[in-house]
Amino acid sequence: MNQISSQPPIQTDDQHIARSVVRTTTSDQAAALRESFLVIEDGAILLDARLCVMLCNIPATIRLGHQGALPSRGYPLTKLIAHSSALDADARTTVLDRCSAMSASDLAGGEARLVFGDIVIRIRRLALGRLLLWVPASRAAGESSLHDPLTGLGNRRVFQAALAAIFTKPNASAALLMIDLDRFKQVNDTLGHPVGDALLRLVGQRLRACLSQEDVVVRLGGDEFAVLLQHLDGIDALGKRLIDLLSRPYLVEGHLANIGASIGIAVAPSDANDPSTLMRHADLALYDAKAAGRHCIRFFKSELNARAQARLALETDLRRATALNQFALYYQPLVDIASGRVTEFEALLRWQHPSRGIVSPAEFIPLAEELGLIVPIGEWVLRHACRTAATWPADVRVAVNVSPMQFSDSKRLICAVADALTTSGLPGSRLEIEITESVLMHNNAETLETLHALRALGVSIAMDDFGTGYSSLSQLRSFPFDKVKIDRSFVSQIDGKGGSGREVVRAIAALGSNLGMTVTVEGIETDAQADFVETSGGHQMQGYLISHPVPSDMVSALFSPQSPIASAPNPEPVAPAGSRRLRGHDHEK
């Protein structure tokens, strides 16, 4: 129910501010009054005799649910109230009527108190027909509406209002720092969310201690923070100081936590002339910082916009390609060294873009993994590879790469493999699943359970790109792999005297053989490499010397028993020598 009553003078924790509002009538005091408004936690609006805004602070717009930028001088009260979502139609009419009546009165010092549910508005008539609207809030309401409950910093509403207020000033200048914590998820995953929450509180304390009182620092959510500065001096130095401060070790509830920070910075007016653009450009700079390896600062540059537009276009095209199945599989043969015959093909994914032609996996696979599209794409690969392999001779197998992302839903992966085998009629013994070492880096027990379930379908499991990252004997022993594939980066070092790759290839071949695994050597491009591998203990060879990847209708040409190494034409652009494969899918081998 709406209530209107007379009240004694305004009583708040900021009485000295209220009194300064009453006293202030001269231009000499205007600057001080404006600064006073900025520090009031309660909402405050000063109106002239025409009921137009003279001053309005951010808490007032938040309390009233004002939609739009912070009202500037001369903004009509009628528009301010009309855009206040916290008030219903009756409440808006009541406020406007009461303000009009009090402004027209000759009684200075008259007051009224309006109550609309949780919203309280106190109106006081000052000298010269001016009005002061005071919108206090209970401590609990203030905390929930203005502050992040976890860290005590400002929340997103404060941030948006402060950002909007910047651009109401003529010749506004500001710097926006978007901060993202590095390795925070690892703390949550390993030490638990309560420790993660405590860590966020410590991060908030460090940020607040490093910044001046007039700087706006907020937590936007998760492990994302933002700092809004109204001065442009020393921004780079401040950013470096923040990274150093946030990267120092934390003692959290008896645990030592080490994280870092990445910062993206955009500056107004050089980078943006409105709040949304400034925020978007700071986000692009942050994305650039994370792409550069994290733990660094990046300022917005115009080329980031072009890059973002290109990425958005690629994302849109990739979603369309997934829906329309604009993909194709090429097949690269693996030759058995002992017999010289092709005994297996690896299915390699290609994107047939309608205007760009064949898109490199290096360009779209990381994006597909980021967007979660790699799961349906990977299932498409499984179905089509098994269907194609079912038309080959019964002793020829097919190998399919599986992304680490597909292991995040183990039941779906197992069902996808079983369905591909059932619908194609391909025996499980003719399908090989290739994984990279990164699959074993997280949820090891669940991953091993999934691998055993796949093995139960008759499928064999190969570790791909062995030796390029964290691969070790312990990983090979953690699961009985059927095959280990030696990465092409070692093979490229075989040629020439004292090639450093020679001993590595021999050692891995011996290790795999002693563990009862088939050893495949990738990236064979020269006769010298092939000759060495034949005597090094390897079992299979794969690479351009044997054949480039070919479409399914050219596979039959590689089955000829008269040609131990079939030289097939190259139907697609050749990747540069030494190019690395991506997780789960690939470049040519």
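## Aromatic pairs and charges over rings

At 6% relative accessibility, F327 counts as buried, a term that stands for under 20% relative accessible area, with exposed meaning over 50% and partly exposed in between (1.4 Å probe, protein chains only). The model is predicted, so local features need pLDDT of at least 70 and side-chain atom pairs count only at pLDDT 80 or more, while totals for chains, interfaces and linings use all residues. Residues are numbered from 1 along each chain as its sequence is written, and side-chain values use heavy atoms, with hydrogens and water left out.

Rings of Phe, Tyr and Trp (its six-membered ring) pair if their centres lie within 6.5 Å, and planes under 30 degrees apart count as stacked, over 60 as edge-to-face and the rest as tilted.

| Pair | Centre to centre | Angle between planes | Type |
|---|---|---|---|
| F327 and W380 | 6.1 Å | 55° | tilted |
| Y331 and W392 | 5.4 Å | 85° | edge-to-face |

Because F327 lies in strand β14 (residues 327-336) and W380 in helix α14 (residues 374-389), their pair ties together parts that are 53 residues apart in sequence; helices (H or I, at least four residues) and strands (E, at least two) are DSSP runs, numbered from the N terminus. W380 is buried too, with a relative accessible area of 7%. Ring pairs also link F327, W351, F364 and W380 into a cluster.

Y331 lies in strand β14 and W392 in the loop between α14 and β17 (397-401), so this pair ties together parts that are 61 residues apart in sequence. Both Y331 and W392 are buried.

A charge sits over a ring if NZ of Lys or CZ of Arg is within 6 Å of the ring centre and within 35 degrees of the ring normal. R206 lies over the face of Y250, at 3.6 Å from the ring centre, and R488 lies over the face of Y544, at 5.8 Å from the ring centre.
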